[in-house]
Amino acid sequence: MITLPLNQKNLDQVSTHIQPPQYDRHAVKTGIVHIGVGGFHRSHQAWYTDALLGEYGATDWGICGIGLREADRKMAEVLQRQDGLYTLITQHPDGQIENQVIGSITEYILAMDEPVRAINKMADADTKIVSLTITEGGYNMTAEGSFDFTDAGVVHDLNHPEAPTTVFGFLAAALQKRKDTGLPAFTVLSCDNVEHNGDVAKKALLSFVSKLDPALETWIANNVCFPNAMVDRITPVTHAKDITYLRDSFGLDDAWPVTCEPFIQWVIEDKFSNGRPPYEKVGAQFVPDVTPYEKMKLRLLNAGHSVVGIPGAIYGHPTINACMEDAVFATFMRSFLDKEATPVLDTVEGIDLDQYKDTLAARFANPNIKDSVSRICSESAAKLPKFLIPTLRENLHRGGSIKYATLILAAWCFYSDKQANQHGAPLEIIDVMREQLHEAAQGTAQDPLSFLRLYTIFGDLIDHKQFVDAYTDMIHHLYSGIDISRLMQSL
């Protein structure tokens, strides 16, 4: 089969097989600059924006992507070659597949190569929002909630503000330029899985700028809005089979498509500095307070992923849907959600929590998503202190159940120590703290609490006798060779 490269020139031919953007891309202006274009951004915010452009002609809200890391170079090359276009492959549980070319990303800048261009794009009068998906660890906050000024990139940017390398350095440089030229501030919109993500972004940026320029810090505090937001759509890593599927089925050569589930949700605090897209017209929800929604999602969906993913890795399940096909894992996750997570949630207006948890189980079990366990377990050092450990702490305080969360932390120690599953097969561990986690976990045979001494992750949990007793018991069972599935079943 002759293949057709995906680009603007070939869209007319592509449209005979796959739905193209339903608008004139040449008429779209950049209103949003997004830092951290990956699979999730392209399945979520870029999808909402594409729908808004297509259904309502909101041409002021195109997206310019920005990459800050060497790891972003491939994305830059692909999107530049494809004129920002990519295919979104939506996989339904019943096997139905929807294919759509998304066109809302109209430009991409690799900031490490063109820092001035990136700063100027954020400082441009047309830019109303700078949004972020920089992962949980990208906010550079310690376990105590303070900004880490020892980070090498931060040290560089404070000493060389004219040549930034971090998200904070670029935001500060662009906002300084807007301040100096009398332009209104843009909104900083976090789209990361961090509780109170807007508040965290604000604290991180103001902390950084406080050491750079107190006058700019005051201007940002008075002019820049940082709305909190809850984002949700399961988006696995793109595999070669996704590229092959498009080529074999449609003759389309897309170097980096995105696969996702049909479910999508975005709840946003309605607080913007300089206007916003009317995303509510395409399904997003603007509310005065996102807190109950984001807490629900982080403590149920995100924690739920880790609750099946970490023991699933140890057991040898390759994907999340494989975990959910195992009754022991599905029951364990639901028990955690019902007995530990739900009792510490706030009331969530308009949400039936039992129905939400049923939907979660169905989403995790989608046999056509096949989200890898290694992806779900990636960067657990950044995830668990935000998704799981707060639930554990609140249950310790209120006298609730802690056994399910405790087993996950013990399993994480075993996972970090052995770096292999119960059958001896090596695990793919993706974590910036991998070496520190491994070193701490290695001492467990001599000191059962060795792993818990990582204060930046666990804080003072080691001082809670009830937790320590339960954790030590779990460690004893795991290191005695008891099958993780049997241990989960025994709770």
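**Exercise 1. A positive phi in a loop**

Where is the place of N140? Describe its backbone and its burial in this predicted model.

*Solution.* 
Step 1. N140 sits in the loop between strand 7 (129-132) and helix 6 (152-159).
Step 2. Its phi is near 60 degrees, a positive value in a residue other than glycine.
Step 3. Most residues other than glycine have a negative phi.
Step 4. N140 has a relative accessible area of 12% and is therefore buried, the cut-off being under 20%.

**Exercise 2. A second case for comparison**

Determine where E379 is placed and classify its accessibility.

*Solution.* 
Step 1. E379 belongs to the loop between helix 15 and helix 16 (380-387).
Step 2. The phi of E379 is near 55 degrees, again a positive value in a residue other than glycine.
Step 3. Because its relative accessibility is 22%, E379 counts as partly exposed.

**Exercise 3. Strand 9 and its partner**

Which residues of strand 9 are buried on its two sides, and how many bridges join strand 9 to strand 12?

*Solution.* 
Step 1. In a regular strand the side chains alternate between the two faces of the sheet.
Step 2. Strand 9 (residues 229-232) has A229 and V231 on one side and M230 and D232 on the other, all of them buried, and both faces are covered.
Step 3. Strand 9 and strand 12 (residues 265-269) run antiparallel and are joined by four bridges.
Step 4. Within this pairing, A229 stands opposite I268.

**Exercise 4. From strand 4 to N366**

Describe the pairing of strand 4 with strand 5, then the contacts of N366.

*Solution.* 
Step 1. Six bridges join strand 4 to strand 5 (residues 97-102), and the two run antiparallel.
Step 2. The bridge partner of I89 in strand 5 is N99.
Step 3. The hairpin of these strands has five residues between them, and there G95 takes a positive phi near 100 degrees.
Step 4. N366 is found in the loop between helix 14 (353-364) and helix 15. Its relative accessible area is 2%, so N366 is buried.
Step 5. Not counting residues up to four places away in sequence, N366 touches Q91, H92, P93, P262 and N321.
Step 6. A polar atom of the N366 side chain lies 3.1 Å from the backbone oxygen of Q91.

**Exercise 5. The second largest pocket**

How many residues line the second largest pocket, and which helix gives the largest share of the lining?

*Solution.* 
Step 1. About 160 Å³ of space lies in the second largest pocket.
Step 2. Its lining consists of 14 residues, of which A313, H317, V373, S374 and L427 lie nearest the centre.
Step 3. Helix 11 and helix 15 (373-377) each supply at least two lining residues. The largest share, three residues, comes from helix 15.
Step 4. The lining divides into seven nonpolar, six polar and one charged residue.

How values were computed
Residues numbered from 1 in each chain as written. Predicted model: local features only at pLDDT ≥ 70, side-chain atom pairs only at ≥ 80, totals over all residues. Heavy atoms only, no water. Buried < 20%, exposed > 50% of the residue type's maximum accessible area, 1.4 Å probe, protein only. Pairing = 2+ DSSP bridges. 1 Å grid on protein atoms, 1.4 Å probe; cavity = no way out; pocket = protein on both sides within 12 Å on 5 of 7 lines; lining within 4 Å. Points joined across faces, edges and corners; volume = space filled by probe spheres on them. Nonpolar A, V, L, I, M, F, W, Y, C, P; charged D, E, K, R; others polar. Polar contact = N/O pair within 3.5 Å; in protein donor to acceptor, adjacent residues only side chain to side chain. Contact = heavy atoms within 4.5 Å.
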